[in-house]
Amino acid sequence: MNAHEIDYQIFGEEMQYVELELDPREAVIAEAGNFMMMDDGIRMDTIFGDGSKQNEGFLGKVLGAGKRLLTGESLFMTIFSNEIQGKKRISFASPYPGKIIPIDLTQFNGKFICQKDAFLCAAKGVAIGIEFSKKLGRGFFGGEGFIMQKIEGDGMAFVHSGGTMARKELGPGEKLKVDTGCIIGFTQTIDYDIEFVGGIKNTIFGGEGLFFASLTGPGTVYIQSLPFSRLANRVLQAAPQMGGKDKGEGSLLGGIGDVLSGDNRF
């Protein structure tokens, strides 16, 4: 086994975190900003890329890390290693409300494809790369563009979703239509394309975008009920505009309703 074998436990319901147990000389990699807490005796190092290829030269490491810029991620990742005797624990938290999903890569033939910002952490030895779309329509209209993340190896990885997670097992030829932003990830056997919603009224007044993501089996698909981009857009729409007032939450009383409810700001 190339990747380190780690034990884990997930805590919480809507704001989850995952606790990993590291034996001596075991390590885990993570994106910057996901760290929560760790026992004394764990060493933290910042590295180029994911540290999965130990024997490549400096230029290879730089090129590998540079590919991460295409997914909007940092050039660097953080590796946490247990340097002393005895088991040590380290925890990573989901950056927004949702679920943390454990991915055992040995069950998915060593590869899992996910949206660009879904990766949370993984055992050292797991490779975090990019997956290019070979379909022009998917690249322009698929929400995630030409590039998604791919997680490869034979260890454990953890991705996070927004809201509630749904896992769908698709049989050969079975198709599932999904909002493009609601995809968390899928196995390499899934055929991913886009479909036009169709219909003049649907296109102009439907409010669901112009395209569906079309996922065709066989394989496993993970879907999220609340993409972070959708949550952020709703927050921005509800926030008072600079120099203006809010919308009174749709109340007929508007600002008067705010006063009556105890909000006395003018």
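Analyst: Start with one residue. The model is predicted. Leaving out residues up to four places away in sequence, Ser 91 touches Tyr 17, Val 18, Glu 19, Phe 35, Met 36 and Met 37. Ser 91 sits in strand S7.

User: What makes these residues count as touching Ser 91?

Analyst: Contact needs heavy atoms within 4.5 Å. Tyr 17 and Phe 35 are among the residues that touch Ser 91.

User: Why is Ser 91 called buried?

Analyst: Buried means under 20% relative accessible area. Ser 91 has 1%, so Ser 91 is buried.

User: Why does Phe 11 count as partly exposed?

Analyst: Its relative accessibility is 26%. Buried is under 20% and exposed is over 50%, with partly exposed in between. The value 26% falls in between, so Phe 11 is partly exposed.

User: Why is the pair of Phe 35 and Phe 92 called edge-to-face?

Analyst: The angle between the planes of Phe 35 and Phe 92 is 75 degrees, with the centres 6.5 Å apart. Over 60 degrees counts as edge-to-face. The 75 degrees pass that cut-off, so the label holds.

User: How do you know that this pair links distant parts of the chain?

Analyst: Phe 35 is in strand S4 (residues 35-38), and Phe 92 is in strand S7 (residues 88-93). They are 57 residues apart. Ring pairs also link Phe 35, Phe 80 and Phe 92 into a cluster.

User: Are Phe 35 and Phe 92 buried or partly exposed?

Analyst: Phe 92 has 0%, under the 20% limit, so Phe 92 is buried. Phe 35 has 37%, between 20% and 50%, so Phe 35 is partly exposed.

User: What makes S5 and S8 edge strands?

Analyst: An open sheet of 6 strands runs in the order S5-S6-S3-S10-S13-S8, with antiparallel pairing. Strand S5 (42-48) and strand S8 (98-104) each pair on one side only. The twist averages 20 degrees from one strand to the next.

User: How do you know that S5 pairs with S6?

Analyst: Pairing takes at least two bridges. S5 and strand S6 (residues 76-82) are joined by 7 bridges, so they pair. They run antiparallel. Arg 43, for one, has Ser 81 in S6 as its bridge partner.

Note on methods: Residues are numbered from 1 along each chain as its sequence is written. This is a predicted model: local features need pLDDT of at least 70, side-chain atom pairs count only at pLDDT 80 or more; totals for chains, interfaces and linings use all residues. Side-chain values use heavy atoms; hydrogens and water are left out. Buried means under 20% relative accessible area, exposed over 50%, partly exposed in between (1.4 Å probe, protein chains only). Rings of Phe, Tyr and Trp (its six-membered ring) pair if their centres lie within 6.5 Å; planes under 30 degrees apart count as stacked, over 60 as edge-to-face and the rest as tilted. Helices (H or I, at least four residues) and strands (E, at least two) are DSSP runs, numbered from the N terminus. Axes are lines fitted to C-alpha atoms, for helices over the stretch in contact, and angles run from 0 to 180 degrees between N-to-C directions.
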